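Hi,

Here is the structure I promised to pass on. My notes on it follow below, so please have a look at both together.

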Amino acid sequence: MIDLRIHEHPILKFDRGRELRFIFEGKEMKGYESETIAAALYASGLKEFMHSFKLNRPRGIFCAIGVCASCAMRVNGVPNIRTCIAPLKEGTIVERQERRGEFPTNTVKKETKKEELETDITVIGGGPAGLSAAIYAAKYGAKVVLIDKAPKLGGQLIKQTHKFFGSRKHDAGVRGIDIAEKLIKEVLDNKNITVLTKTSAFGYYEPMTIGAASNERSTLYKIKTKKIIMATGAAEKSLIFENNDLPGVYGAGAAQTLMNVYGVKPGDNLIMVGAGNVGVIVAYQLLQAGVNVKMIVEAMPKIGAYFVHAAKVRRMGVPILTRHSIKRAYGDGKVEGATIVQLDDKWQPIPGTERDVEVDGIAISVGLRPTYGILDQAGVKLKFVPELGGHVALRNKNLETSVKGIYIAGDVAGIEEASTAIMEGRIAGLSAAIDMGLAGDDAVELREKVREELKDLRAGPFGERIRKGLEKVEVL
Amino acid sequence: MDNRIVCRCMDVTVEDIMKAIEEGYTDIESIKRVTGLGRGPCQGKTCVPLAIGIIARATGKSPEEVGYITPRPPVKPVFFELLADEEVEE
């Protein structure tokens with residue numbers, strides 16, 4: 001029987017908790033209480049999770065964090081459940097669905113709840129920015145509601161096993177996972193912060209109201225709030241190539257979630273597409289998880305990642321091919337290989353340079369794109385800024401957007417690092433508390449200090465692109 | 001059959017978008033309406049950046065001119081029973 005669970009790891013120890021039994025298409029399967037349904041199924045070797053609704057194409061895990069719905073299945077008779085964020089429970093019945101799925105069958109009408117909450121500040125997103133915003137607003141007595149769709153707080157920090165760069169006072173040398181634990185504990189210990197995990201903020205309504213729902217707890221929330229801090233982060237970008245939707249093609253972040261959060265190997269032999277920091281760092285972590293990374297291809301003429309990271313994977317024998325890209329994925333129902341091709345100076349494939357690489361996984365790391373949905377619904381002015389990853393909100397230096405009372409922090413404000421997201425979260429949290437009249441001169445002074453620290457983090461040649469991007473949007 | 005997928009939720013291919021452009025739709029909001037792009041459960045998180053690139057290259061417009069689409073509520077899947085449940089009047 002296939003078991004892709006990682007049992008030995010140089011950094012991580014996987015405490016999987018109690019063993020559970022569940023039923024997948026009539027067969028009894030084994031999983032653990034720390035796993036999601038998708039993680040348990042993936043560990044058993046399943047690649048084909050669903051078929052697409054129009055073209056009936058096989059699909060599998062693509063984002064692993066509840067963004068894309070390519071892992072939707074029928075769970076206990078209910079179709080379209082994103083199994084990558086659905087915690088595994090004893091006796092769960094899981095089936096694959098065709099296309100959109102049949103209507104729920106034999107479901108007993110559940111008790112549903114409607115809750116109306118009133119709060120000072122609503123923070124959407126429990127990653128480094130959202131957690132920091134909540135902590136710094138609550139510090140001054142603001143009542144905060146913090147919403148996150150995932151079962152666990154921490155956003156994408158909970159899979160960052162590498163040590164952070166930056167200046168000594170900003171957690172440089174500390175692993176992301178440890179920073180996450182610290183922030184999560186602070187939030188959970190704070191009486192002013194109400195935490196709603198497994199809860200999706202799904203829309204903005206006038207005036208200053210957030211609609212949210214927890215399918216898990218059968219609860220619909222109407223949250224009336226004085227201020228909103230959007231820390232919704234980003235989604236992984238994808239690429240156009242033949243069969244780019246074949247199961248086994250996934251975001252580098254998805255591979256990272258599977259191996260570092262759930263301790264499940266994404267595959268045995270992988271190719272990484274993109275040699276920026278994410279691509280190279282995840283490639284290294286794949287090697288740590290016992291996955292063979294056959295190569296990294298990069299369309300640009302040079303490697304985008306920091307030299308030390310790139311040097312490390314090269315030392316471990318992973319070739320980085322610049323001016324190369326992926327042309328197609330191939331395989332029957334799942335990835336069995338990738339065709340790569342060399343590019344010319346005008347980014348065009350050079351005929352005759354194609355070659356096939358046998359892999360069972362293709363990880364894509366071509367950048368991230370801010371998740372602006374609810375901001376846009378609220379009428380916040382957005383601008384396309386390539387340096388910041390795509391459409392981002394115009395803002396003032398207190399991180400307030402063009403709509404009074406709505407603030408931004410973290411990747412949604414522009415793709416950067418966890419360290420800068422933390423600083424932005426602090427500024428947004430402080431600004432919301434100050435603008436409500438809860439915090440006085442000491443908070444203004446503290447905000448000034450944080451702003452200076454943030455400036456330090458963005459100094460130097462690596463911050464140049466970000467500084468250029470910010471000039472275009474810090475205009476209010 | 002084009003096997004280069006732009007919108008995973010709604011199965012929109014590169015060819016579908018090129019066809020829409022040939023028919024005269026050159027902004028992303030119109031292309032959303034004719035192809036279904038970005039109208040699935042994820043509300044455009046993966047496809048919009050890809051589509052912006054394709055449309056910009058094919059039309060010569062800048063990404064800013066191509067525009068973006070407004071993700072509609074619910075931006076995350078919500079059980080119907082939560083939204084449609086009837087309030088019982090006392």
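Let me start with helix α4 (residues 252-261) of chain A: nine of its ten residues are buried, so this helix is largely enclosed by the rest of the structure. Buried here means under 20% relative accessible area, with exposed over 50% and partly exposed in between (1.4 Å probe, protein chains only). Helices (H or I, at least four residues) and strands (E, at least two) are DSSP runs, numbered from the N terminus. Among the buried residues of α4(A) are A:Ala252, A:Gln256, A:Leu258 and A:Met259. The elements of chain A that they pack against include α1 (37-43), β16 (269-273) and α5 (277-288), where contact means heavy atoms within 4.5 Å. Just after α4(A) comes A:Gly263, with a positive phi of about 65°.

Before I go on, a word on the basis: this is a predicted model, in which local features need pLDDT of at least 70 and side-chain atom pairs count only at pLDDT 80 or more, while totals for chains, interfaces and linings use all residues. Residues are numbered from 1 along each chain as its sequence is written, chains are lettered from A and ligands numbered from 1 in the order in which they are written, and side-chain values use heavy atoms, with hydrogens and water left out.

Helix α8 (residues 418-435) of chain A is also mostly covered, with 16 of its 18 residues buried. From first C-alpha to last, α8(A) reaches 25 Å, close to the 26 Å expected at 1.5 Å a residue (1.5 Å times one less than the number of residues). A:Gly437, which follows α8(A), has a positive phi near 85°.

Now the sheet. In chain A, three strands make an open antiparallel sheet in the order β19-β20-β21; two strands pair if DSSP finds at least two bridges between them. β19 (324-330) and β21 (355-357) of chain A are the edges, each with a single partner strand, so one side of each has no neighbour in the sheet. β19(A) pairs with β20 (residues 337-342) of chain A over six bridges, and A:His324 has A:Gln342 in β20(A) as its bridge partner.

Finally, the interface. The contact takes 54 residues from chain A and 42 residues from chain B. How many salt bridges are there between chain A and chain B? The count is one: B:Asp11 with A:Arg59, whose closest N and O atoms are 2.7 Å apart (a side-chain nitrogen of Lys or Arg within 4 Å of a carboxyl oxygen of Asp or Glu).

Best wishes
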